[in-house]
Amino acid sequence: MRRREPIDRRGRRNRRGGCGCSLVLLLLLLIGLVAAAEFGARWYLSDRAEREASARLGAPVSVEFGTQPVLWDLATSRAVDSVRLTSPGDATVPRIDVTGHTVRWVDGAILAATANGTATLSGDQLAAAAAEGNPASDSPVEGLTEVRSVRPDPQAGLLRADIGGIAEIGVLPGVTGDQLTLTPQETALLGFPLPDGLFSGITGTVDSTVASLPDGVAITGARVVPEGLEVALGGTDIALR
């Protein structure tokens with residue numbers, strides 16, 4: 001005989017819904033496990049990349065992945081949508097903001113199809129870097145050409161450098177052959193030519209910063225912004241590791 005379902009006081013048959021609740025709990029548990037795995041993967045990959053990049057740059061670095069699920073991208077295409085590297089810099093290291101796009105694993109190497117970003121030096125950093133320069137020593141005004149301060153003039157597109165407290169000269173940033181150039185708009189002080197390499201400390205700071213970034217990142221432009229000097233960075237087939 002078929003077992004009859006229990007009847008409540010109003011004459012309705014009770015139907016058990018325990019199976020549906022179990023499925024909901026199982027689904028919630030699965031979602032929680034996937035979310036935890038995604039969080040763990042992002043933490044592991046970013047922590048490893050941050051430690052390596054910070055050691056190379058000499059300043060704290062943060063690494064963030066794009067909005068696409070990292071685990072799914074790695075499982076289906078062995079690539080992630082984007083990876084962003086940022087650093088506040090320090091007294092001598094510029095502020096960095098670089099994003100690699102279509103980052104994939106190829107034969108054990110991590111490659112970004114393209115990358116773009118900026119390195120920004122403040123006025124104080126520019127003055128400190130200029131003080132580390134090595135201008136030519138054969139100029140009659142060598143002892144008077146200390147760069148005491150540098151301030152941005154974004155409307156004119158120039159950096160304004162205080163030379164020895166005697167004169168302020170405009171400096172035009174540019175790029176030649178993937179190298180930052182800083183061209184003084186005035187070429188003489190007190191009637192004598194300015195020494196070569198007067199701003200070599202600034203270009204050297206930028207060069208060393210770019211050298212500490214992943215292979216393939218190069219200087220693509222430079223402009224004066226309210227914060228100081230902004231150097232545009234870019235490249236293709238960037239070797240992240």
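The dialogue below walks through a few features of a predicted model.

Visitor: Where should I start with the strands, and in which order do the four strands of the open sheet stand?

Guide: In general, the strands of a sheet pair through backbone hydrogen bonds, in either a parallel or an antiparallel sense. Here the four strands of the open sheet follow the order β5-β6-β7-β8, and their pairing is antiparallel. The edges are formed by β5 (147–153) and β8 (179–184), each of which pairs on one side only. On average, and with direction ignored, neighbouring strands of this sheet are turned by 30° against each other.

Visitor: Over how many bridges do β5 and β6 pair?

Guide: Strand β6 covers residues 158–163, and β5 pairs with it in the antiparallel sense over six bridges.

Visitor: Which helix lies across β5 and β6?

Guide: That helix is α3, which runs at about 145° to β5 as it lies across the two strands.

Visitor: And at what angle do the axes of α3 and α4 cross?

Guide: The axes of α3 (residues 123–131) and α4 (residues 200–212) come within 6 Å and cross at roughly 110°. Since angles of 65 to 115 degrees count as roughly perpendicular, the two helices α3 and α4 are therefore roughly perpendicular to each other. On the α3 side the contact is made by L126, A129 and A130, while α4 contributes G201, I202 and T205.

Visitor: How should I read the nonpolar core, and which residues touch the most other members of the largest one?

Guide: As a general idea, nonpolar side chains in soluble globular proteins tend to be buried together. In this model the largest nonpolar core has 46 residues, of which F199 and L233 touch the most other members. Strand β4 supplies the largest share of this core, namely five residues. If residues up to four places away in sequence are not counted, F199 touches V147, A161, I163, I169, V171, L182 and P184.

Visitor: Is T120 buried or exposed?

Guide: The relative accessibility of T120 is 5%, and because buried means under 20%, T120 counts as buried. T120 has its place in strand β4, which spans residues 109–122. Leaving aside neighbours within four places in sequence, T120 is in contact with P94, R95, Q125, E227, L229 and E230.

Technical notes:
Residues numbered from 1 in each chain as written. Predicted model: local features only at pLDDT ≥ 70, side-chain atom pairs only at ≥ 80, totals over all residues. Heavy atoms only, no water. Axes fitted to C-alpha atoms, helices over the stretch in contact; angles between N-to-C directions. Parallel < 35°, antiparallel > 145°, perpendicular 65-115°, else oblique. Contact = heavy atoms within 4.5 Å. Buried < 20%, exposed > 50% of the residue type's maximum accessible area, 1.4 Å probe, protein only. Core = buried A, V, L, I, M, F, W, Y, C linked by side-chain atoms within 4.5 Å. Pairing = 2+ DSSP bridges.
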